[in-house]
Amino acid sequence: MPNKTKIFICATIKNRFKNLKRLMQSLSEIKDLENMHFSLSDYASDDGDIRALLDKQEFPCSHVLLTDAPFNRSQGLNCALMPLKPAREDLVFFVDVDMLVPDELTTQMREIVRQGVCWFPICYSLHKGKEPKVLKNSKHASKANGWWRVEGKGMCGFMVGDFIDIGKWHERVGVTYGREDGLIARRATKQGGLKMVRRNCHGLYHVWHPTGSYRTKHHMKAKTRPGKNKRKGRINPHAPQPKIELWHSECPAESES
């Protein structure tokens, strides 16, 4: 029987299957897979067989299918964890499918994260076509492989109880990508009083991808005053609640435990 605290690695997706395959390969190279559980919430992707991919892994995986709702990163990350009913003493690390993780991810989680302490590692953001190797530090592709993304706080680890107590991810600002990262960091430190561990994490790479239509400006929409042509203020859109279907892989390691 595993005697270590369970670690949930959680991500959300909408049609980025190739990126997911790359992330799964990275996760499979983690040195200590004991009591690690990967959970992916999925807004009805149709570009690959996600369950078949997850079922091939040597660690337990869950697929949380979300339907009847538009993509919402904050909501998706909440849904990747909460339907699994984790214990408050469990650990959770949130990661995007565009990432590669260090092979000591779970070891670092157990060393850093505890009650009252959260982890917001700084990833190395790769330029287009560059190999996952730290080579200098510059936002200019001609000068380095990438740069340390000190402004980004999207990858983070908590004790589950602390994550719940700070209010989880704010779903009304998670309609696209961007603003929810800073908000959960403020919730953790300013509202929750958690100590944040923040430093460069070698092996944690953000792999280049096209920006697409995901922009922070899309978090907000204009509010028109009744009977007026003028717009006053900006409001967050409502986050519809999805229907949830939960599936678990048939992992030998989990069955034996």
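**View 1. Asp32, a buried residue, and its salt bridge to Arg110.** Asp32 has a relative accessibility of 15% and therefore counts as buried, where buried means under 20% relative accessible area, exposed means over 50%, and partly exposed lies in between (1.4 Å probe, protein chains only). Asp32 forms a salt bridge with Arg110, with the closest N and O atoms 3.5 Å apart; a salt bridge is a side-chain nitrogen of Lys or Arg within 4 Å of a carboxyl oxygen of Asp or Glu. The pair links distant parts of the chain, 78 residues apart, since Asp32 sits in the loop between H1 and E2 and Arg110 in helix H4. Helices (H or I, at least four residues) and strands (E, at least two) are DSSP runs, numbered from the N terminus. Arg110 itself, at 24% relative accessibility, counts as partly exposed. The model shown is predicted, so local features need pLDDT of at least 70 and side-chain atom pairs count only at pLDDT 80 or more, whereas totals for chains, interfaces and linings use all residues. Residues are numbered from 1 along each chain as its sequence is written, and side-chain values use heavy atoms, with hydrogens and water left out.

**View 2. The salt bridge between Lys31 and Glu104.** The side chains of Lys31 and Glu104 meet in a salt bridge at 3.5 Å, N to O. Lys31 lies in the loop between helix H1 (17–28) and strand E2 (36–42), while Glu104 lies in the loop between strand E5 (99–100) and helix H4 (105–112), so that distant parts of the chain, 73 residues apart, are linked by the pair. Lys31 counts as exposed at 60% relative accessibility, whereas Glu104, with a relative accessible area of 36%, is partly exposed.

**View 3. Asp68 and Lys243, joined by a salt bridge.** The closest N and O atoms of the salt bridge between Asp68 and Lys243 are 3.3 Å apart. Because Asp68 lies in the loop between strand E3 (61–67) and helix H3 (73–81) and Lys243 in strand E14 (residues 243–248), the pair ties together parts that are 175 residues apart in sequence. Both Asp68 and Lys243 are exposed. The structure holds 11 salt bridges, and elsewhere Arg73, Asp96, Glu180 and Asp181 are linked in a network of salt bridges.

**View 4. Asp162, buried and without a salt bridge.** Asp162 is found in helix H5 (residues 160–165). Asp162 is buried yet has no salt bridge, the nearest side chain of opposite charge being Arg88, 5.6 Å away; in assigning charge, Lys and Arg count as positive and Asp and Glu as negative, while His and the chain ends are not counted. A polar atom of the Asp162 side chain lies 2.7 Å from the backbone nitrogen of Gly116. When its neighbours within four places in sequence are left aside, Asp162 is in contact (heavy atoms within 4.5 Å) with Arg114, Gln115, Gly116, Val117 and Leu194.

**View 5. An open sheet of 4 strands in the order E5-E11-E7-E8****.** The pairing in this sheet is mixed, and two strands pair if DSSP finds at least two bridges between them. The edge strands are E5 and strand E8 (146–148), each of which pairs on one side only. E5 is joined by 2 bridges to strand E11 (residues 200–206), and these two strands run antiparallel; the bridge partner of Leu100 in E11 is Tyr205.

Methods: A polar contact is a pair of N or O atoms within 3.5 Å; within protein, one must be able to donate a hydrogen and the other to accept it, and residues adjacent in sequence count only if both atoms are side-chain atoms.
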